[in-house]
Amino acid sequence: MGRKFLKMKRGGQLVIGTVASIAHKKGHPFLFDAFRLFCDQCPDALLLMVGDFHTNKDRLVLTEQIKKLGLANNLFITGRVPHSQVLAWIKEMDIFAFPSLHEGSPNALLEAMACGLPVVATAVGGICDLIEDNQNGLLVPSGCADALFEKLMVLAQDKDMRNRLGQSAGQMIKENLTPAHEAKAWVEVYKQVMVNHV
C-alpha cells in the first residue's frame, strides 16, 4: 500500500475508486470532470485510480486535464499494480466508479462487486448484464460527467444505500458468477449439445 495514499487518507475521507488503464476509452476524462464537481461538495474526498496511463498520449492529455481541474491534492494514481495486489487497493474504496465508453464483461467491475462495493457504472456493453439499476448498482449514460457526478453524490450522502447496493452486488456475484456456477452452466451447455446430436 502506498505511503502517500495512506497519508492522504489519514482523515478517513470518502474514497471513490476505479481499476483500469487510464485512458479516454475508459471514460476517465468524464470521471475527472465528475470528480471536480464532487470535490466542490466534498472537498476532502479522494479519487483512487489503480492502474497507469494506457499510452503516452493518454498521460499527456489526461495529466493536463487533472492539472487544469486542480485535482492533484485529491487524486492518487498507483501506477502499474500486480493483480495479486489489486484486491488490497479495492478494499480501500468506499464507492467504485466504472465510466467506460464501451466494455465487455470487465473483471475489475466483477471484483469490486464481489468485494461488496457500491458501484456507479456506465450502461454500456456487458455492464448492463451485470448491473440492474438501483438493485445491485447504479447505471449512468456513457460520456456524461453530470450524471456520473449526481449518482456519486447520491451514494456519498446515503450510507444505507451504499450498504444495500454493495450487499446486493456481492450476493449476485456469489449466486451467479462463482467458478462452481460457471462449471454448472457449462455442464448444461454440454448436455444440450449432446441431446441435439443424438
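Aromatic pairs in a predicted model

Reader: How many aromatic pairs does the count come to?
Author: In this predicted model, two rings of Phe, Tyr or Trp pair if their centres lie within 6.5 Å. By this rule, the count of aromatic pairs comes to 3.

Reader: For phenylalanine 35 and phenylalanine 38, is the pair stacked or edge-to-face?
Author: The rings of phenylalanine 35 and phenylalanine 38 lie 6.2 Å apart, centre to centre, with 15° between the planes. Planes under 30 degrees apart count as stacked and those over 60 as edge-to-face, so this pair is stacked.

Reader: Which helix holds both phenylalanine 35 and phenylalanine 38, and are they buried or exposed?
Author: The two residues are 3 residues apart, about one turn of the helix, and both lie in helix H2, which covers residues 28-41. Phenylalanine 35 has a relative accessible area of 1%, while phenylalanine 38 has 0%. Because buried means under 20% relative accessible area, both phenylalanines of helix H2 count as buried.

Reader: What is the angle between the planes of phenylalanine 76 and tryptophan 89?
Author: Phenylalanine 76 and tryptophan 89 form a stacked aromatic pair, with 5.8 Å from centre to centre and an angle between the planes of 25°. This pair links distant parts of the chain, 13 residues apart, with phenylalanine 76 in strand E3 and tryptophan 89 in helix H4. Both residues are buried, and the angle asked for is 25°.

Reader: What share of the residues in the protein chain is buried?
Author: The secondary structure of the protein chain comes to 9 helices and 6 strands. Of the 198 residues in this chain, the buried ones make up 45%.

Terms used. Residues numbered from 1 in each chain as written. Predicted model: local features only at pLDDT ≥ 70, side-chain atom pairs only at ≥ 80, totals over all residues. Heavy atoms only, no water. Phe/Tyr/Trp six-rings, centres within 6.5 Å; stacked < 30°, edge-to-face > 60°. Helix = DSSP H or I, 4+ residues; strand = E, 2+ residues; numbered from the N terminus. Buried < 20%, exposed > 50% of the residue type's maximum accessible area, 1.4 Å probe, protein only.
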